[in-house]
Each structure stands twice: as structure tokens, then as C-alpha cells.
Amino acid sequence: MNEKILNKSQISKLFETLNKDYNFFAPSKEKGNIIFKKINDSKEIELDYLNSKIPPKEVVFPRIDIIFEYKINGKDIEIVNSKNLEVKNIIFGIRPCDAYSFYLFENFFQFGKFKDELYLKKRRGSLLIGIGCNNPRNTCFCTSVNGHPFKKEHLDILLVDLGEKYLVEPITEKGKDLILNLEWLSDATKNDIKKAKDLSKKAELTISTKMDFKDTFKNLDSNFNSLLWKEISESCLGCGTCAYLCPTCTCFDVIDENDHYNNRGRRIRIWDTCQFCLYTLETSGHNPRDAKIQRCRNRIMHKFCYYPKNYNLIGCVGCGRCIQFCPVNNDLRLIIEKVNKIKKEKEKEEMILSV
Amino acid sequence: MKRTSDIEIENQTIEKSIKEMAKNLFRNKEVDIILGYSAGTIPMASPPIIIRNESDVEKLVWNNFCSINLAKNLLELMPKSFDDKKNNLKIGIVAKGCVGRALIHLAIENQIELKNIKILGIDCNGIINRKKIEKEIGDREIIEVSLSNENILIKGKGFEQTFSYDEYLNELCKKCKVKSPPTSPELNGICSGKCEEVLSIEDDFKDISDYELKSYEERWEHIKNLLNNCIRCYACREACPMCYCHLCFVDQNKPLWFGKTTELSEIILFHLIRAMHLAGRCVACGACTSVCPMGIDLNLITRKLEQIVKERFNFTSGLNIVDLPPMVTQKMSDKEDFMIDEK
Amino acid sequence: MNLTETKSGQEEKNLEKEWEPKIIAFLCNWCSYAGADLAGVSRIQYPPSIRVVRVPCSGRINPFFIIKSLVDGWDGVVVSGCHPGDCHYISGNLVARRRFAILKDLLTFFGIESDRVHFMWASAAAGERFANLIKKITKIIKELGPNKKFQKNW
């Protein structure tokens, strides 16, 4: 039996032990928002949370990522500080939906013959210690996209909150090795394991949002110019909040920053979003997505039509952040409902005509 | 200000008046569409909605979470060129005081044509500071929000909490002096419902003078703490009715004013320049604060802008359609106290 | 306008030991630039701290120029134009005056030392006035010290 027990009072000991060899990332409260950040003191760890505001993708895909720096000496350019990408991270307290998003990233960052070393090295060096969701929110819908509040598949270690203690279950080889090095963890009893299983079933039943994606791909594929998009994008601000807080959104921009007074500069990669009007602006001045309707439509198409087309997966993990934080309450659940209904109305028409 | 009636009853009265006005306008064919607020799918949210016929009027609501400034949505419906078919669209808009001010100011700046617009004026009773409540609750889930007497009752999964209405209003709403849309003789016939003629606003700006007791270092620290977790998502810019430039200064690259990262100098630069562009134009609606995903409260900067234009130029934006904003006029008699001289 | 040529050797040695502020000066072409030129031609001494940028009118100044200069690391910014009523373009300086008022108030509000940014009027015949004002401004900025608020993490 591999399962161990970690008492909540032992969290600081866990941090002290792991902090020696790893960068320890955990949820922490900053200005009222829960975010994943590098912990320097175990008091900063905040484990009374449902999910973080900014998804943990920030650890392996930072908002500002320096690709290289350069110095200008007369006519020569010297590229310095090629990023040291060998990192050892532990992301503690990640939820199973966000861990699934890391799996979706793999498709994006190593599709075709170009492998994105900047991301992949950071990902390979990161170990995911997840905590199962005992209390999914009303806006969570991981079970509708092949997920589960206690899904183990993309984690290295899964923790289950049993009240005063966590049940620790290693899943991958990396996870097992880590647990072996923590010999001070006590063994789990059969009761602990049963309690965890009960919590898992209870959490699954708590999920109230159920979305049906059976017909979504087909409807999106054949209704690109439908008037429905006008209705859906009416209240959208085009602010980019949904994309910035989405764990699966990977779009980025590469810009150069120049310090011409000191003859140096750097090339950095920053988050970008298809909701900005500049996103598809071409050098000629033409912009294929000039109108807000097109940009609003693009996000839904990308997640629920192009992603299934390219990778046979739905590009959504069901975390519910876009529903929770959209400033105008443009609810994804209503959008998908409206999209699903397009086909059914057509069917009805055909039936009436046939009779 | 002591409340004289139950907030929930006030809200119901206002909602009833909105629906009545809307029905009348549709019946008399005075509008083609009406912009208003609708019920949200999650607690503490009231998204904007476009009503296209009389039967949908029941979808209109009024509550203390109607924080979006509908003038921005109206701007998007305005014709881009004068031959556009939209030129004949008659639009009704549910307007609280700040929305009315925004409409007047946009009319002065030639962005909207007031002759095709009908204002459904209401006497706004304040917008609740959703982000402040969420900070207090922490990361727990809120299921139900209700109002009674002077309190906001929050019910969640396994907890209940009460907040004082007067304390948890938006900071700008606490100091609001224009609760219903301003009107003037030139705007006869445009406003139905509650409108008031406002000649000027009396405000002692005590909150600003209290802030300015701090030293330079303290002010810098305060501003840094306020703005340092901005993620440059530009939700504030998208929600603001006054930010309608086709190419915003942050998106310009000929010349490239500054970069796109979230370094402190860039964040301060963005907010400072945006404040400069809004001097004499901001209507203090608080939409920028309510849409910010990181919970940044821009009310301090907004209030300072109001104070500057009031004290230097005796101007408040959006009160009537005659007075020109201070940044498009100039006088020989302007004060020069900030300039350096040999003495 | 090469100022170092007018300095004596003794003063140059003194300057090397102390920190000298770098101030960027936006001078309007018709009045202030001519006034600075007159100061140079008349051999009037003033600190070599300013670097001049000539603009057609003080109304050309975009508040960006001033704020970007501070962010880039300049220790001070001076904007100089024609006296009100004397603008070559009639009212350019009046437009500028309103902008500067708001900018200065906002900078003070943000806690950025507003004494780093100065606005002045200087006419084409006022070479000595120009030099005196630059001396005064340099002294003020020297007391404030180098501008470190906006340093980027390179």
C-alpha cells in the first residue's frame, strides 16, 4: 500500500524539506486574490481555498518570459544570458482541472516539428502535487469535459483533504520517489482510503453544471456565419479577462525591449489574447478580425471546434473561471446551450416539412 | 445619509418604473430597441441586455449590481458613417445619473446623436462594491445575495454573513451628487422618467485633501501598492464610455511609447497617461473598478481628476450640453501658479 | 551650442567630482530656443545640465514626452515656451498651459516629485532670464538627487 498520511500541522515541515531542492509554489493570498507563487515562508501558504484566480499555468508559462538578453558593442550584438531553463519546481495544491490543462499544453507546445524548449524544460522540471476538490463550485463543470474533481491522471501525487489530515497517494514514478524520501509520513489506514473514496463520490454528485458537448462541434463547424454570434457578443467588452484567467489559453506575443541609453535590450515573450483588437492586425494594416463579434466568436470556435479538429480533445477543463470572473456575466453555459440548440431547431423544421 | 426606506422596496419601485416606461415607449413606437440590465446567472451580476420588443420588457431588472455604464454599449450601436442604415435606429437607454452624464458628454464630443435617443431616467440608489465583499468572504462560494433594510445578506455554502449597505457601496457612489440623469432645456423631450437639472456640484473633496496630507514617499508607496498587481488586461479601458479611440496609445507602435509587460514602471505609466486623457471627461461611474479582474480600486484617481477640473476650471463633466470641456478651450486668465519664475 | 567651450578648466574639474543632473529641455522654436541661443552668444554662464529638444511650439508637447523622459531615467524635464499672448501660433502656449497644469497636479498626486518637472516662459530677448531659470532649476533638481523611481529590472 503506497498511501500515506500528511497531517495539516506537518505542512510547514513538508515545505522546509522540499524547499531545499525545489522551488516550492503553492496558493497564497495577495491583496485578496489567491494566486500561485513561490513560497519563502510556510506562513504564506493558504490552503483554505476553492481555486486560484490566476491559473497555475503561470509557473511553467510565465506572463513575462525572457527569451534572451543582448548587448550592443558598436556594430556587434552579443547575446548574453541564454536562459537557464533547468528548473526544479513543485506546484503544491494544484486542482485536477488545472493539471489537465498542462496536458493540453503539451499538444500546443510540441505540435509538429518545433518543440518549444522554453516551456517544455520548465514543465519537465515541475512536479505536480494536487489536492482533490471536496467542494466544487456551482460554476465548475469538469465532469462534462472528461474530468473529475479527484482525477489522478495528470498529477504526480494526489492529496485528499480528510479534515485534519491529507491522504497522500503517489501516482507517477516521480511522485513515488518523492514520497520515499519523506520517510516521516505515517501510513494510511483502510478507513482513510475509504473516507477518501466517499469524498470523491460526494464531490462528483455536487457538480451541478452539466454541459452536453455531443453536438457542439458539429453545430459550430457548420454555423460560422449564424446570427447567433451577434446575440452572444452583444454584452462582451473584449477585455481579455476570460483568456487571461483561462488555464488552457496559450497565445503569446514576442517583443523586444530596448534600452538604447545603455546599449542593451532583451527579447521577451508575454501573454496575448485573441480578444485584443491588435491580435490579428497585419503589417499591411488589414485586420481579419476587426469587429468584436469575430473576436468573441473566435474564442468559442477555438476551444470547442478547432481544438477537437486538431487534437481530438475539447480545449476546456471546466474550471469555471470565465463564468465566475467575466465582468459582464457573459456565461459560457448559456452560450453553449444556444449553440447546441441551433441544430435542434433545424431538425424540427425538417420534420414539419417532411410531414 | 440616513436611509428612509427599505432598499429592496426602492429597487422594486425603480424596476417597476423602468418596465412601465419601456412598455410605453414600445407602444408609442418611440424606440426600436432598449438597452438595460438583466438578471445574472451568478450572484452579484447584472449583465447588459438589448430588448427588441414589448414582450421582452419583463427581462429588464434593476438592482444594486448594475455597475456597467450602458453609454459604452450605446456607443457601439451608433452609426460609423452617416449613410449607415443604423442612422435611423431609435434607441432607449436605462440611465442612472452617471450614465446620463456620460451620454451628455459623448454628445458634446460628437460621438452620439441625442435626437435619436430616449433616456429612461431613474433615481439610482447606489451600486454595491462587489469586489470588496468578495475580499471579505475569501475564496468561499456565494450562493444567494439579498437586501433588507440597511443590510446586504450573503448566503454561501456553509456560511452566512451580513454587510452594512452604506459601508459596502462603491466609493464613488458614496460621494455621488448626480443620482438621476441631468437634463437641460436643450434636451427637452429626450428624457422620460426621473431627470434633474443640475447647475453645478458642491463638493468639499475632503477625501482628496486627507490623502494629500501624506508625504511624497507615502503617496508613491500608496499608489504602488494600489496598482502593482495590474495585469494589463485593459478591462477598465473597454468598460469606460470615454475610452473610444480606434487606436489606443498603448497599442501604438509608431512610435512605440512603452512596452506591454507588467513591470511597475509600465503599469504606472499606463494609469498616469490614461488619467491625463480622462481629465475633464470622466463621469465617475465606477465601471472601471467593477470590471477589474484583480480588484484594483481606481476611485482615488477618479476623484482627483474631478477635483482638479473643478478647482482650476470650475467644470464638472456631463451636466449640460452647452459648457465645453476644459481641455478643448483655453483662457488668457488661467492660473500660472505651477510655473517657475525668476523670483 | 557647445557649452563646455565656455567653461574654465577649474570649473570643469569641480563638475567631475559631483553628480550632475541630466535635464531634458523642450524649447519652443520661436521664443525659448532663441532665448537660449542669445544666452550662449552673450557668453552668459549657466550649468551644462540641459539637453535641448527644439519643438515648433510648446503646444506640441505631448504629456508622454515628459513622462517617458522620467521613466527613461532623466533627472528632470523643462518645458519652455513663449509668454501668453506672444505665441507665434496665437494660442499654442495657452493650450499647453492647461495641459501642464493637469500634468503637474497628477504627478504631485502620484508622489512623483513634481519638482523634477518645470514649465516656464522665456522670450527671445531674455537670454539672462533663461540662464537664471536654468540655474535655479538645476539647483532644485540637484537637491532632489538622481531619479531612481522607475528603474526597470534588467
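Biologist: Which residue in E4(C) is the bridge partner of Gly81(C)?

Modeller: In this predicted model, Trp121(C) is the partner of Gly81(C). Residues are numbered from 1 along each chain as its sequence is written, and chains are lettered from A in the order in which they are written. Local features need pLDDT of at least 70, side-chain atom pairs count only at pLDDT 80 or more, and totals for chains, interfaces and linings use all residues.

Biologist: How do you know that strand E3 of chain C pairs with E4(C)?

Modeller: Strands are DSSP runs of E with at least two residues, and helices are runs of H or I with at least four, numbered from the N terminus. Two strands pair if DSSP finds at least two bridges between them. E3 (residues 76-81) has 5 bridges to E4(C), so the pair meets that definition, and the two run parallel.

Biologist: What makes E2 and E4 of chain C edge strands?

Modeller: The open sheet has the order E2-E1-E3-E4. E2 (50-55) and E4 (117-121) each have a single partner strand, so one side of each is left without a neighbour in the sheet.

Biologist: Why is the contact of H9(B) with H4(C) called nonpolar?

Modeller: Contact requires C-beta atoms, placed from the backbone, within 7 Å. Leu272(B), Ala275(B) and Met276(B) meet Ile102(C), Leu103(C), Leu106(C) and Phe110(C). Ala, Leu, Ile, Met and Phe are among the residues that count as nonpolar, so the classes come out as 7 nonpolar, no polar and no charged residues.

Biologist: How many residues of chain B are in contact with chain A?

Modeller: 29 residues of chain B are in contact with 37 of chain A, and H8(B) gives the most to that side of chain B, with 3 residues.

Conventions: Contact = placed C-beta atoms within 7 Å.
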